Amino acid sequence: MNCPHCASPTTKEQTKKTTLGYSTFSCMVCQRVYDLRCRF
Ligand SMILES: [Zn+2]
């Protein structure tokens, strides 16, 4: 899944999930965190 902020494919899945149960990812390039619905 590419980063919605910088479109980088270099992302890492986080162990914690959002309150809605979505997996969260952090981008290795821009350091932002987002979930599968791009809420961050
Ligand atoms: Zn990014």
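User: How many helices and how many strands are there in the protein chain?
Analyst: The structure is a predicted model, in which local features need pLDDT of at least 70 and side-chain atom pairs count only at pLDDT 80 or more, while totals for chains, interfaces and linings use all residues. Residues are numbered from 1 along each chain as its sequence is written, and side-chain values use heavy atoms, with hydrogens and water left out. Helices (H or I, at least four residues) and strands (E, at least two) are DSSP runs, numbered from the N terminus. The elements run β-β-β from the N terminus on, and the count is zero helices and three strands.

User: What percentage of the residues in the protein chain is buried?
Analyst: A residue is called buried under 20% relative accessible area, exposed over 50%, and partly exposed in between, with a 1.4 Å probe and protein chains only. The chain has 40 residues, and its C-alpha atoms fill a box of roughly 25 × 15 × 15 Å, taken along the principal axes. The share of buried residues is 25%.

User: Which residues are the protein donors of the zinc ion?
Analyst: Donors are N, O and S atoms within 2.8 Å of the metal (3.2 Å for Na, K and Ca), and sites may look incomplete because water is not among the atoms. Here the donor atoms are SG atoms lying 2.3 to 2.4 Å from the zinc ion. They belong to C3, C6, C27 and C30.

User: What geometry does the site of the zinc ion have?
Analyst: Four donors count as tetrahedral if all angles lie between 85 and 135 degrees; four count as square planar and six as octahedral if opposite donors are over 155 degrees apart and all others between 65 and 115, and anything else is irregular. For four tetrahedral donors, the ideal angle is 109.5 degrees. The angles among the four donor atoms of the zinc ion are 103 to 120 degrees, and the site is therefore, by the definition above, tetrahedral.

User: How many residues apart in sequence are the parts that C3 and C27 tie together?
Analyst: The donor residues are spaced C-x2-C-x20-C-x2-C in sequence. C3 lies in the segment before β1 (11–17) and C27 in strand β2 (residues 23–27), so the pair ties together parts whose separation in sequence is 24 residues.

User: Is C27 buried or exposed?
Analyst: C27 touches C3, C6, S8, T10, T11, R32 and Y34, leaving aside residues up to four places away in sequence, where contact means heavy atoms within 4.5 Å. C27 has a relative accessible area of 1%, so C27 is buried.

User: How many disulfides does a search of the whole structure find?
Analyst: A disulfide is a covalent bond between the sulfur atoms of two cysteines. The search looks for a pair of cysteine sulfur atoms within 2.5 Å. The number found is zero.

User: Which residue is joined to S26 by a polar contact of 2.9 Å between side chains?
Analyst: S26 is found in strand β2 and counts as buried because its relative accessibility is 10%. A polar contact is a pair of N or O atoms within 3.5 Å; within protein, one must be able to donate a hydrogen and the other to accept it, and residues adjacent in sequence count only if both atoms are side-chain atoms. The residues that S26 touches include T10, R32 and V33, and its partner in the polar contact of 2.9 Å is Q14.

User: How far apart in space are D35 and Q14, C-alpha to C-alpha?
Analyst: D35 lies in strand β3 (residues 33–35) and is buried, with a relative accessible area of 1%. D35 and Q14 are 21 residues apart in sequence, and their C-alpha separation in space is 9.5 Å.
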